[in-house]
Amino acid sequence: MTTTSDYSLTWDLLADLQLLLRFHFMQNAFVVGTLVAILAGAVGYFVVLRGQSFVAHMLSQVGFPGAAAAVLLHFPPVIGLAAFCTAGALAVGVVGRRLDAGNRMESAVVASVLAFSLGLGLLFFRLYAGSAQAVYAFLFGTILGITDRDVAVTVVTTVVCLVALAAIARPLVFASVDPDVAEARGVPVRAISIAFLLVAALATGTVSAFPTALEDRFHQSYRAHLAPGLGDILKLRAPGLLGSKSTPSPEKH
Amino acid sequence: MRHSVAEPESSERAGPLAEEAVGLERAGVTLGGRFVWRGVDLTVKTGEFVAILGPNGAGKSTLLKALLGVVPLAEGQARIFGKPVRRGNDEVGYLPQRRRFDPDLRIRAVDLVRLGLDGARWGVPLPSWLAGSRTKSQQVHSVIHLVGADEYAHRPIGELSGGEQQRVLIAQALVTGARMLALDEPLDSLDLSNQQSISALVRDICQQQGVTVLLVAHDVNPILPFIDRVVYAANGRVVSGRPEDVIQTETLSRLYGAPVEVLRTSDGRVVVVGQHEPVTYHTHDHDV
């Protein structure tokens, strides 16, 4: 079995980088990491602007029962993930954000959906008798185990999310900053907010598929202050990966 | 069915040829299944400065929202400049009743004004050097200049004081070339000097630009010298007329269906006493 010591790092950074990028799984990790960083930065900006970090947190959690349900029904976990994230986004968008009720209603819906989905997740997990490898992979997956198919899925969702976000960006900013005036000016405030939640659901679903490396990145993006977060994420991602590769992993010997 | 109590239609400033800015005919609005007000007839002529007064919950904001097309009428008709009300009408600028902007909101005042112009259009808001449309940024800068907000136009809106934010928002309401301003409590939560300067600004916009102004106010006194007409909402009904005809003991008592007294102080301020909730905050320790 190969261990990390066979590829020990030197102080020649360029050589180290070339060494790392020789591995296909590292290339995949870098590609997906970069895509997700860009996506999280763009979506995270609006999440902060709209004060919806609780919703984003929820979206990243409802994927779990989705993946578990898909495994139970012998579908690919990604489908369950997408279905549950979309359903969660619709629940919050349709019920949660009544124009005059403000954020309280939304928080209540988010909390209910969170508790409900956690319960569902455990239920599906229990119902599935076999070893739920896919669910474990979903819960404790690793960015270094990304397949070419995962890369393709990430490329497609990133492009779809960014294009959708670009299309609604201006009215979304207006509706987020100044909802009353936006409504009077003819912005479909309600529809825009649901559209944004669907984009966020798709983005979070992608991000959730690679939890260990990416979920924290996604959370950071909206805790960090708005747009400057994007640059930080891009800067921090590569050293993080390099560092993880140079640290001996707790492998069996 | 309820009717308007009094309709003393008279206006000395607007001539007989003056165009109708607002026309409500037997209008009524329901919220949650009950009428907020109904049977409302109201005509406002172009260039008039109208104060909308009344206690909380009387439907003052709803009246503005009905004219903006945001709240649909349950019955009757509403016209703005002769056309049926609709959302996204460039002829009407709106300043909603609001909390102040979050102090860490990183949107510049000038961008907020710009959103008033093209915020409803799809796409990405580009920085000005990329967007390339000169006329639009000129439009934005001319209204910012008009309200006297040049100095802080490029600072984040959240950093501005209440009075400064209000000026920027008035610019935003005007930026489409609006001929009518619907202002919902623009003087609320401002200190006295800002109340005076903002109401003077609105008066200037009304008199110099010929913009029709509908201004919802809790306290009529800061704007009393400027207003041509008062619309008073209470008790599911709406009365309109000249300030001296409406803000008087008899009319308001009839409107409320309860004894109400209007007092005038020596410096010309008016105080309405005896209602559930005072229209002004001044001198109000006893009920009549």
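**View 1. Helix H5 of chain B is largely enclosed by the rest of the structure in this predicted model.** Of the 13 residues of H5(B), 11 are buried, so the helix is largely enclosed. The cut-off for burial is 20 or more other C-beta atoms within 10 Å. The buried set takes in charged side chains, B:Glu164 and B:Arg167. It also holds B:Gln165, B:Gln166, B:Val168, B:Leu169, B:Ile170, B:Ala171, B:Gln172, B:Ala173 and B:Leu174. Cover comes from both chains: H8 of chain A contributes, together with E6, H2, H4 (134–146), E7 (180–184) and H6 (192–209) of chain B. H5(B) covers residues 162–174, and at 1.5 Å a residue it should span 18 Å. Its end C-alpha atoms are 18 Å apart, which agrees.

**View 2. B:Pro96 is a buried loop residue of chain B.** B:Pro96 sits in the loop between strand E6 (92–95) and helix H2 (109–118) of chain B. It counts as buried because 22 other C-beta atoms lie within 10 Å, and the cut-off is 20 or more. Neighbours within four places in sequence aside, B:Pro96 is in contact with A:Asp180, A:Val181 and B:Asp184. B:Val36 lies 60 residues away along the chain. The C-alpha atoms of B:Pro96 and B:Val36 are separated by 19 Å.

**View 3. Chain A meets chain B.** Here 19 residues of chain A are in contact with 21 residues of chain B. On the chain A side, helix H7 (148–177) and helix H8 (179–184) each supply at least two residues. H7(A) gives the largest share, nine residues. By type, the chain A side divides into 13 nonpolar, five charged and one polar.

**View 4. Helices H2 and H7 of chain A pack roughly parallel to each other.** H2(A) runs over residues 24–49. The axes of H2(A) and H7(A) are 10 Å apart, at an angle of about 20°. Angles under 35 degrees count as roughly parallel, and the two helices are therefore placed in that class. Their crossing is left-handed. From H2(A), the residues that meet H7(A) include A:Val31, A:Val32, A:Leu35, A:Ile38, A:Leu39 and A:Phe46. Among those on the H7(A) side are A:Val151, A:Val155, A:Cys161, A:Leu162, A:Leu165 and A:Leu172. A:Asp148 and A:Asp150 of H7(A) take part too, as does A:Asn28 of H2(A). In all, the contact divides into 16 nonpolar, four polar and two charged residues.

Note on methods. Residues numbered from 1 in each chain as written. Chains lettered and ligands numbered in written order. Predicted model: local features only at pLDDT ≥ 70, side-chain atom pairs only at ≥ 80, totals over all residues. Contact = placed C-beta atoms within 7 Å. Helix = DSSP H or I, 4+ residues; strand = E, 2+ residues; numbered from the N terminus. Buried ≥ 20, exposed ≤ 12 C-beta atoms within 10 Å, placed from the backbone. Axes fitted to C-alpha atoms, helices over the stretch in contact; angles between N-to-C directions. Parallel < 35°, antiparallel > 145°, perpendicular 65-115°, else oblique. Left-handed = near helix turned anticlockwise from the far one by under 90°. Expected span 1.5 Å × (residues − 1).
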